[in-house]
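I opened my notebook and loaded a new structure.

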Amino acid sequence: MNAIDWTVWNLNEVRRRSIKVWQSIPEDKLNWKPDENAMTCFEMIRHVLDSEYYYFLALQNRGSLPSYESPFEGRGFVSVQEELDFAEAYREEFMAYVEQLTESDLAIVQIDRSESGYVRSLGDMLLRIAYHEAVHTGQLLDYLRTADVERVRVWD
């Protein structure tokens with residue numbers, strides 16, 4: 001496997017495990033949050049899906065976007081599966097982009113997010129996208145523990 005194959009595998013593996021957690025959240029806990037300042041379980045799922053699309057556009061732009069109109073904004077929520085179905089086309093577009101990259105792109109292409117305090121290589125940014133999702137999946141597992149809900153096994 002080359003670096004692109006590993007990157008694709010990592011992004012897919014993180015998403016597979018996230019979906020296991022997301023789909024395990026009982027319906028009556030989707031609007032639960034541990035405190036007033038936290039996101040609800042549903043808000044966190046949407047945040048991950050929406051952030052991935054934003055990051056994809058930023059990668060194509062080679063830097064932060066001057067403005068962003070989220071396709072997720074204003075959408076009602078019915079179920080985790082509906083949210084995944086809606087996000088599927090955006091995910092496929094993102095993964096097709098990653099799959100067409102070359103290994104040299106990972107090191108040479110720079111993503112300028114100076115307003116956020118950094119400029120990183122494309123490879124670094126792709127790992128950060130997966131890490132962002134993994135962190136929020138871990139947070140949701142903690143939410144479920146705090147809410148005294150049985151957690152799905154992600155370490156299969």
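This is a predicted model: local features need pLDDT of at least 70, side-chain atom pairs count only at pLDDT 80 or more; totals for chains, interfaces and linings use all residues.

**Entry 1: the cores.** I looked up the largest nonpolar core. It has 24 residues. Among those with the most contacts inside it are L59, F94 and L122. α1, α2, α3 and α5 each supply at least two residues. The largest share, six residues, comes from α2. I also found a second, separate core of 20 residues, which includes W22 and L140.

**Entry 2: L122.** I listed what L122 touches beyond its neighbours within four places in sequence. Its contacts are L59, Y97, L101, D105, L106, V109 and I111.

**Entry 3: a loop residue.** I picked L30, in the loop between α1 and α2. Is L30 buried or exposed? Its relative accessible area is 4%, so L30 is buried. Leaving aside neighbours within four places in sequence, I found L30 in contact with several residues, including I25, F42, F77 and V80. L30 and V80 are 50 residues apart in sequence, yet their C-alpha atoms are 8.8 Å apart in space.

**Entry 4: the surface.** I turned to the outside. M1, W6 and W9 form a nonpolar patch there, with about 400 Å² of accessible area together. W6 belongs to helix α1. I read 46% relative accessibility for W6, so it counts as partly exposed.

**Entry 5: the strands.** I traced β1 (residues 110-113) and β2 (residues 118-121). They run antiparallel and are joined by four bridges. D112 stands opposite V119 in β2. The two strands form a hairpin with four residues between them. In the turn, G117 has a positive phi of about 100 degrees.

**Entry 6: the charges.** Side chains of opposite charge can pair when their charged atoms come close. How many salt bridges does the structure hold? I count 14. One of them joins R46 and E83, at 2.6 Å from N to O. R46 lies in helix α2 and E83 in helix α3, so this pair ties together parts that are 37 residues apart in sequence. R46 has 14% relative accessibility and counts as buried. E83, at 0%, also counts as buried. E83 forms a salt bridge with R75 as well, with the closest N and O atoms 3.9 Å apart. R75 is partly exposed, at 23%. Last, I noted a network of salt bridges that links E13, R16, R17, K20 and D156.

Technical notes. Residues are numbered from 1 along each chain as its sequence is written. Side-chain values use heavy atoms; hydrogens and water are left out. A nonpolar core is a set of buried Ala, Val, Leu, Ile, Met, Phe, Trp, Tyr and Cys residues joined through side-chain atoms within 4.5 Å. Buried means under 20% relative accessible area, exposed over 50%, partly exposed in between (1.4 Å probe, protein chains only). Contact means heavy atoms within 4.5 Å. Patches are made of residues with over 30% relative accessible area and no salt bridge: like charges are joined within 9 Å, nonpolar side chains (Val, Leu, Ile, Met, Phe, Trp, Tyr) within 5 Å. Accessible areas come from the Shrake-Rupley method with a 1.4 Å probe; for residues, only the protein chains shown count as cover. A salt bridge is a side-chain nitrogen of Lys or Arg within 4 Å of a carboxyl oxygen of Asp or Glu. Two strands pair if DSSP finds at least two bridges between them.
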